Amino acid sequence: MKSLEVLKNIDYKDVAARALWTFLQTFIATFLLAGVNLVNLLFAASWRELWALALATTLSAIAAGLSAAKTIIIELVKEMRDSVS
């Protein structure tokens, strides 16, 4: 039951801010790697460019989710460790 109490005490605004930042970092990195395709999407929309945009968005979402999960797990372990001491 202590884990439920710890989950209530986590600063979810901080978790969301970190996840959003990770989303932006991953999206920008993917955009830079596939930048030409994404710029072409503005002028001549094709399936290839749309696929590059979908890939950038999907990778960013996965990275943000992993970042949020990692932050929550670290906080959970830290709080549980502090409560044992």
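This is a short walk through a predicted model, one selection at a time.

**Before you start**

Residues are numbered from 1 along each chain as its sequence is written. Because the model is predicted, local features need pLDDT of at least 70 and side-chain atom pairs count only at pLDDT 80 or more, while totals for chains, interfaces and linings use all residues; side-chain values use heavy atoms, with hydrogens and water left out.

**Stop 1: the whole chain**

Show the protein chain as a cartoon. You will find four helices and zero strands, in the order α-α-α-α from the N terminus on. Helices (H or I, at least four residues) and strands (E, at least two) are DSSP runs, numbered from the N terminus.

Of the 85 residues, 26% count as buried. Here buried means under 20% relative accessible area, exposed over 50%, and partly exposed in between (1.4 Å probe, protein chains only).

Contact means heavy atoms within 4.5 Å. Among contacts between residues at least 6 apart in sequence, 73% join residues at least 24 apart.

**Stop 2: helix α4**

Select residues 47-84, which make up α4. This helix has 38 residues and reaches 55 Å from its first C-alpha to its last, close to the 56 Å expected at 1.5 Å a residue. The expected span is 1.5 Å times one less than the number of residues.

Which residues of α4 are buried? Colour E49, A52, A56, S60, A63, A64, S67, A68, T71 and L76 to see them.

Zoom in on T71, which lies in helix α4. T71 counts as buried because its relative accessibility is 7%. Not counting residues up to four places away in sequence, T71 touches V15 and R18.

**Stop 3: the nonpolar core**

Next, select I10, V15, A19, A64 and A68, the five residues of the largest nonpolar core. Helices α2 and α4 each supply at least two residues of this core. A nonpolar core is a set of buried Ala, Val, Leu, Ile, Met, Phe, Trp, Tyr and Cys residues joined through side-chain atoms within 4.5 Å.

Stay with I10 for a moment. Leaving aside its neighbours within four places in sequence, I10 is in contact with V15, I72 and E75.

**Stop 4**

Show the side chains of D14 and R18. They form a salt bridge, with the closest N and O atoms 2.9 Å apart. A salt bridge is a side-chain nitrogen of Lys or Arg within 4 Å of a carboxyl oxygen of Asp or Glu, and by this rule the count comes to one.

Why are D14 and R18 separated by about one helical turn? They are four residues apart in helix α2 (residues 12-33). Side chains of opposite charge can pair when their charged atoms come close. D14 is partly exposed at 29% relative accessibility, and R18 is partly exposed at 44%.

**Stop 5: a nonpolar patch**

Select L20, W21, L24, I28, F31 and L32, which form a nonpolar patch on the surface with about 630 Å² of accessible area together. Patches are made of residues with over 30% relative accessible area and no salt bridge: like charges are joined within 9 Å, nonpolar side chains (Val, Leu, Ile, Met, Phe, Trp, Tyr) within 5 Å. One of these residues, I28, sits in helix α2 and is partly exposed at 48% relative accessibility.

**Stop 6: two distances to draw**

First, pick A29, found in helix α2 and partly exposed at 39% relative accessibility.

Then pick L4 in helix α1 (residues 2-9), which is partly exposed with a relative accessible area of 46%. L4 and L76 are 72 residues apart along the chain, and their C-alpha atoms are separated by 9.4 Å.

Notes:
Areas by Shrake-Rupley, 256 points an atom, 1.4 Å probe, with all protein chains shown as cover.
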